[in-house]
Amino acid sequence: MGIKCGIVGLPNVGKSTLFNALTAAQVPAENYPFCTIDPNVGVVAVPDPKLDALAGLVRPERVVPSVIEFVDVAGLVRGASQGEGLGNRFLAHVRETDAIVHLVRCFENDDIAHVSGRIDPTADIELIDTELLLADLQTVEKSLEKAERTARTNLAQDVARRDLLLTIADALGAGQALREVSLTAPERAMLRELHLITAKPVLFVANVADNEPHGNASTKRVLNHARRNGAETVVVSAAIEAELAELPKDEAEEFMAELGLAESGLQRVIAAAYRLLDLVTFYTTTGEKELRAWTVPRGATAFDAAGVIHTDFQRGFIRAEAIDCDAFVRHGGEQAAREAGELRLEGKSYVVREGDVIHFRFNL
């Protein structure tokens, strides 16, 4: 599975600049609101040292990394949930994502206007959160109208759905995001078809000036807000990322070293997104032909992982032959790792581990 993150924020917070840098795309980033009038989508290969190590050893014809998709939409403004601004058009695209990347302006620049006339990260976050809550409330209320009629049959499932929607409407009306509401797994499954935005996990990205790559007083406010809400914060300078995107790899690494940055913003955002969604990566190899990375939720079984590759693998599943990536590399390949006793024969219920190299045996 690839993962999809929607980038939200106010106009002029640097969303398109960051998107350009993350995806090496060339979408407009002029200094005025609503520059982005179509949702821009960029697919990025996930930086993966383990995949690189395996590729250096196996030397396949084709290496396929895991990918992460970023969706950049027009800046949201007050009243977006009621149709104000261009950002409201694209709330549907945000609904289709796995997680929200909330970009917050934490830089001063007199040449770039702030829609509120001042830099106030907490107020900016609250404005966006309110609009997303209101958008979800509208969706729930529309569904509730139908659920009220259906519940008149007194069928247990219809009554349960109506009652759940009433509970959710009350929570949203009180300013509580759906991700903060205590629900059972069946209840969350019942709501899944609504694609509610506030049910998605959120990652705050604090955008700083290029002379403050490690943060400032504003980023501390974002960090404190995120901690209170059980979220993560990544400090990134979109301006620096834009420069890094134009440099060769060795020059980019040298530039980051000069700034005291161990990793690029892209690497840190992706790592945080993986933690946010609690994902693990496993690998498959067909010898000299192909080496591929796959992403599954932590806790996924070998049977689940087989289905991610192909339904035939799952339908005819016999067993999974797993070798830890580090052992695979340490012993110089699959055969040597087998001879060293590193290969494990696992059944359907085996829980996939981070870094497993798996060969699926199946029969149809």
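1. Basis of the reading. This is a predicted model, in which local features need a pLDDT of at least 70 and side-chain atom pairs count only at pLDDT 80 or more, whereas totals for chains, interfaces and linings use all residues. Residues are numbered from 1 along each chain as its sequence is written, and side-chain values use heavy atoms, with hydrogens and water left out.

2. Confidence. The protein chain averages a pLDDT (the predictor's confidence in each residue, from 0 to 100) of 88, and 90% of the residues score at least 70. Over residues 29–37 the pLDDT is below 50, although this stretch has 25 contacts (heavy atoms within 4.5 Å) in the model beyond near neighbours in sequence. Where pLDDT is low, the predicted coordinates should not be read in detail.

3. Overall make-up. The protein chain has 14 helices and twelve strands; these are DSSP runs numbered from the N terminus, with helices being H or I of at least four residues and strands being E of at least two. Of its 364 residues, 49% count as buried, where buried means under 20% relative accessible area, exposed over 50% and partly exposed in between, with a 1.4 Å probe and protein chains only. Among contacts between residues at least 6 apart in sequence, 68% join residues at least 24 apart.

4. Six strands form an open sheet with mixed pairing, in the order 2-4-1-5-6-7; two strands pair if DSSP finds at least two bridges between them. Strand 2 (40–45) and strand 7 (232–236) each have a single partner strand and stand at the edges, so one side of each is left without a neighbour in the sheet.

5. Strand 5 and its partners. Strand 1 (residues 3–8) and strand 5 (residues 99–105) run parallel and are joined by four bridges; isoleucine 7 has valine 101 of strand 5 as its bridge partner, and glycine 6 stands opposite isoleucine 100. Strand 5 also pairs in the parallel sense with strand 6 (residues 202–207), over six bridges, and there histidine 102 has phenylalanine 204 as its bridge partner.

6. Cover of strand 5. Seven of the seven residues of strand 5 are buried.

7. Valine 222. This residue lies in helix 7 (residues 217–228) and, at 0% relative accessibility, counts as buried. The C-alpha atoms of valine 222 and valine 104 are separated by 7.9 Å, although the two residues are 118 residues apart along the chain. Leaving out residues up to four places away in sequence, valine 222 touches Val104, Cys106, Pro121, Ile125, Phe204 and Thr233.

8. Nonpolar cores. A nonpolar core is a set of buried Ala, Val, Leu, Ile, Met, Phe, Trp, Tyr and Cys residues joined through side-chain atoms within 4.5 Å. The largest such core has 49 residues, of which Ile68, Phe70, Phe204, Val205 and Ile270 touch the most other members, and helix 10 (residues 265–277) gives the largest share, six residues. A second, separate core of 18 residues includes Leu144, Ile168, Leu172 and Val181.

9. Phenylalanine 204. Among the residues that phenylalanine 204 touches, not counting those up to four places away in sequence, are His102, Val104, Ile125, Val222 and Thr233.
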